[in-house]
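Have a look at the picture first, then read on.

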Amino acid sequence: QMAPTEKKGFFSNPKNVKLTILLAALLLVIIIIVVVVVLVLNYNKKKINLEEMVEVEYTGLDGEGEAIAYIDEGEFVYAYLNAVGNEKLAKKMKKAYKDEDLAELEKLYDKYDDVLRPCEMVYENIDLDISEDSGLSNGDVVTVTISYSKSFAKDNGVVLKGKSVEDKVKDLKEAQELDPFDGLEVDFSGT
């Protein structure tokens with residue numbers, strides 16, 4: 001008679017147990033890396049850098065120039081919509097802003113009010129302050145300070161970043177000297 005053979009299970013071999021634990025640990029590390037990468041990419045995707053959107057315009061004469069600063073609304077709307085994952089609408093809005101198509105913008109704002117209302121509220125919550133906004137000369141440097149509520153932006157799906165922008169005054173016209181009496185002739189007649 002033959003002795004009954006004992007069936008051994010996969011885990012009864014110590015080498016197999018070690019291999020299984022090693023593979024499970026490796027799989028866990030890979031899952032953690034994937035989760036971290038996805039979270040980091042999504043977090044960075046939701047960030048909007050306001051410093052890249054600040055526009056400063058100068059008007060007037062050299063020495064008497066004035067400055068105004070603003071966030072380019074079209075760029076902001078495009079960045080916001082991309083950050084919240086609405087790339088299709090972002091492209092439509094960007095085109096309408098670029099083409100200055102007011103009818104299309106109005107149509108899009110009406111149709112997508114639920115998405116664009118939070119964007120508009122965040123945009124209106126951003127304040128810009130210019131260090132000097134009058135009496136400017138070409139070559140002066142102005143600082144635009146950006147302020148906003150981080151929690152308000154986060155509650156509306158985005159993370160704003162940016163503190164200030166420096167800009168050099170340019171394109172102010174030179175004042176022309178004007179003699180109001182040049183070419184004026186006075187002629188008296190009579191007694």
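## Where two helices meet

Which residues in H2 meet which residues in H5? On the H2 side they are Glu 73, Phe 76, Val 77, Tyr 80 and Leu 81. Their partners in H5 are Val 115, Leu 116, Pro 118, Cys 119, Val 122 and Tyr 123. Sorted by class, this contact has ten nonpolar residues, one charged residue and no polar ones.

Keep in mind that you're looking at a predicted model. In it, H2 covers residues 73-83 and H5 covers residues 113-124. Their axes come within 10 Å and cross at roughly 125°. Angles from 65 to 115 degrees count as roughly perpendicular and those over 145 as roughly antiparallel, so H2 and H5 are oblique to each other. The crossing of H2 and H5 is right-handed.

## A closer look at H2

If you want to find the buried ones, look for Gly 74, Phe 76, Val 77, Ala 79, Tyr 80, Leu 81, Asn 82 and Ala 83. Phe 76, Val 77, Tyr 80 and Leu 81 are buried, and they also meet H5.

Now check the two ends. At the start of H2, Asp 72 has a side-chain oxygen that reaches to within 3.1 Å of the backbone nitrogen of Gly 74. Just after H2 comes Gly 85, with a positive phi of about 85°.

## H5 has another neighbour

H5 also meets H4, the helix at residues 102-111. The axes of H4 and H5 come within 6 Å and cross at roughly 105°, which makes H4 roughly perpendicular to H5. From H4, the contact uses Leu 108, Tyr 109, Asp 110 and Lys 111; from H5, it uses Asp 113, Asp 114, Leu 116 and Glu 120. By class, the contact of H4 with H5 has five charged residues, three nonpolar and no polar ones.

## Zooming out

How many helices and strands are there in the protein? Count six helices and seven strands. Starting from the N terminus, the order is α-β-β-β-α-α-α-α-β-β-α-β-β.

Of the 191 residues in the protein, 25% are buried. As for contacts with a separation of 6 or more, 60% of them involve residues 24 or more positions apart.

Conventions:
Residues are numbered from 1 along each chain as its sequence is written. This is a predicted model: local features need pLDDT of at least 70, side-chain atom pairs count only at pLDDT 80 or more; totals for chains, interfaces and linings use all residues. Side-chain values use heavy atoms; hydrogens and water are left out. Axes are lines fitted to C-alpha atoms, for helices over the stretch in contact, and angles run from 0 to 180 degrees between N-to-C directions. Helices (H or I, at least four residues) and strands (E, at least two) are DSSP runs, numbered from the N terminus. Angles under 35 degrees count as roughly parallel, over 145 as roughly antiparallel, 65 to 115 as roughly perpendicular and the rest as oblique. A crossing is left-handed if the near helix is turned anticlockwise from the far one by less than a right angle, and right-handed if clockwise. Contact means heavy atoms within 4.5 Å. Ala, Val, Leu, Ile, Met, Phe, Trp, Tyr, Cys and Pro count as nonpolar, Asp, Glu, Lys and Arg as charged, and the others, Gly among them, as polar. Buried means under 20% relative accessible area, exposed over 50%, partly exposed in between (1.4 Å probe, protein chains only). A polar contact is a pair of N or O atoms within 3.5 Å; within protein, one must be able to donate a hydrogen and the other to accept it, and residues adjacent in sequence count only if both atoms are side-chain atoms.
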